[in-house]
Amino acid sequence: MKKILFAIGVIAIIGLGVYALSNISQKTNTASGNISIVTTLFPQYDFAKAIGGDKVDVSLLLPPGVEAHAYEPKPSDITKINNANIFVYTGELMEPWAHDIIEGADKKVKVVDASTNIEMMKEEHEHEEEADHHEAEKEHGHEHGGVDPHIWLDFDNAKIMAENIAKALIEVDSQNADYYQNNLQAYQKKLTELDNAYKNTLSACKSKSIVYGGHYAFGYMAKRYGLEYVAAQGFSPDAEPSAKDMIALTGQIKKDNISYVFYEELTSSKIAETLARETNAKLLLLNGAHNLAKEDYESGATFISLMESNLKNLSLGLGCKQ
Ligand SMILES: [Zn+2]
């Protein structure tokens, strides 16, 4: 018996040793040969990982848990970008600060504007305070010019973003063009399946209104699936809703018998909580996926897994058949 245990012990130790060595050799490969990509927000981080596979090292400029609209780049971010082969940002509407960074970046860095070839949506929500809101946005340096920057929340746009990343990878590393092209196609197929799941579920629901106790992030998604979307704030969460907006929202929830109010990720859910309390509605998360919460980062959440959770909550919140 003792001999058997000893033999098992020896095999386990050898196994561990081989495992450790293989890990070391992998890391050496990674450090020496891989293409390094720095991305601003989570969607393009996840797309770049899916397309680049084991030939890339991708890092996210925003630390997990940081709200995207309030982000200000640090000097160390510029160093990170200059040390990368590829820098991917969402677009200048989402990251107005990217402009100066790109101007100052090392010319060897391949810069990718992920919104290239995407048709941006003009704002369709109207607040009476809109003019004031834009003034407030200008003061905070988040002027969106009335165009919705949340392009990734239409999965056709997500496909174009992925394509823009694949193009850059093929330019920088043409030897592996087929590999990137195949990964792109496989990822786009997953996005098509996700889109089909949304179409199926959201075509048969009791309610068509998403009431959002957060900022106006889901305009693209609502339009794609024929839903109505009302949000307490504008394109960025930095301006508080007015009392008049809150009264209009609670009025709508009561009038339309809405049972669920959705709240957003990574900011205070105070507005959503107030709306829910005033109307006896329940709360559900609808994650805009700008950036990951720390626990989602640690549990390995992906863009697709976050969107699947959103669909579950939308199905419950809107009373869909499936
Ligand atoms: Zn946003």
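**Exercise 1. Helix α2**

Task: List the buried residues of α2, and decide whether the helix is enclosed or open.

Solution. This is a predicted model.
- Step 1: The buried residues of α2 are F42, P43, Q44, Y45, D46, F47, A48, I51 and G52.
- Step 2: The helix spans residues 42-52, and nine of its eleven residues are buried.
- Step 3: Therefore α2 is largely enclosed by the rest of the structure.
- Step 4: Look just past the end of α2. There G53 has a positive phi of about 50°.

**Exercise 2. The surroundings of P43**

Task: Find what P43 touches beyond its neighbours within four places in sequence.

Solution. 
- Step 1: P43 belongs to helix α2.
- Step 2: The relative accessible area of P43 is 0%. The cut-off for buried is under 20%, so P43 is buried.
- Step 3: List the contacts. Leaving aside neighbours within four places, P43 touches W152, A289, H290 and F303.
- Step 4: Take F303. It lies 260 residues from P43 along the chain, yet their C-alpha atoms are separated by 6.1 Å.
- Step 5: Take H290. This contact of P43 is also a donor to the zinc ion.

**Exercise 3. The zinc site**

Task: Name the donors of the zinc ion and work out the geometry of the site.

Solution. 
- Step 1: The zinc ion is coordinated by the NE2 atoms of H69, H150, H215 and H290, at 1.8 to 2.1 Å.
- Step 2: The angles among the four donor atoms run from 103 to 120°. Four donors count as tetrahedral if all angles lie between 85 and 135 degrees. The site is therefore tetrahedral.
- Step 3: For comparison, the ideal tetrahedral angle is 109.5 degrees.
- Step 4: Along the sequence, the donors follow the pattern H-x80-H-x64-H-x74-H.
- Step 5: H150 sits in the loop between β6 (147-148) and α6 (155-172), and H215 in the loop between β7 (209-212) and α8 (219-224). So this pair ties together parts that are 65 residues apart in sequence.

**Exercise 4. Helices α6 and α7**

Task: How do α6 and α7 run, parallel or antiparallel?

Solution. 
- Step 1: The axes of α6 and α7 (residues 177-202) come within 10 Å and cross at roughly 175°.
- Step 2: Angles over 145 degrees count as roughly antiparallel. So α6 is roughly antiparallel to α7.
- Step 3: Residues making the contact include F155, A158 and L169 of α6, and Y180, L184 and Y198 of α7.
- Step 4: Sort the contact residues by type. They comprise 13 nonpolar, three polar and three charged.

Technical notes:
Residues are numbered from 1 along each chain as its sequence is written. This is a predicted model: local features need pLDDT of at least 70, side-chain atom pairs count only at pLDDT 80 or more; totals for chains, interfaces and linings use all residues. Side-chain values use heavy atoms; hydrogens and water are left out. Donors are N, O and S atoms within 2.8 Å of the metal (3.2 Å for Na, K and Ca); water is not among the atoms, so sites may look incomplete. Four donors count as tetrahedral if all angles lie between 85 and 135 degrees; four count as square planar and six as octahedral if opposite donors are over 155 degrees apart and all others between 65 and 115; anything else is irregular. Helices (H or I, at least four residues) and strands (E, at least two) are DSSP runs, numbered from the N terminus. Axes are lines fitted to C-alpha atoms, for helices over the stretch in contact, and angles run from 0 to 180 degrees between N-to-C directions. Angles under 35 degrees count as roughly parallel, over 145 as roughly antiparallel, 65 to 115 as roughly perpendicular and the rest as oblique. Contact means heavy atoms within 4.5 Å. Ala, Val, Leu, Ile, Met, Phe, Trp, Tyr, Cys and Pro count as nonpolar, Asp, Glu, Lys and Arg as charged, and the others, Gly among them, as polar. Buried means under 20% relative accessible area, exposed over 50%, partly exposed in between (1.4 Å probe, protein chains only).
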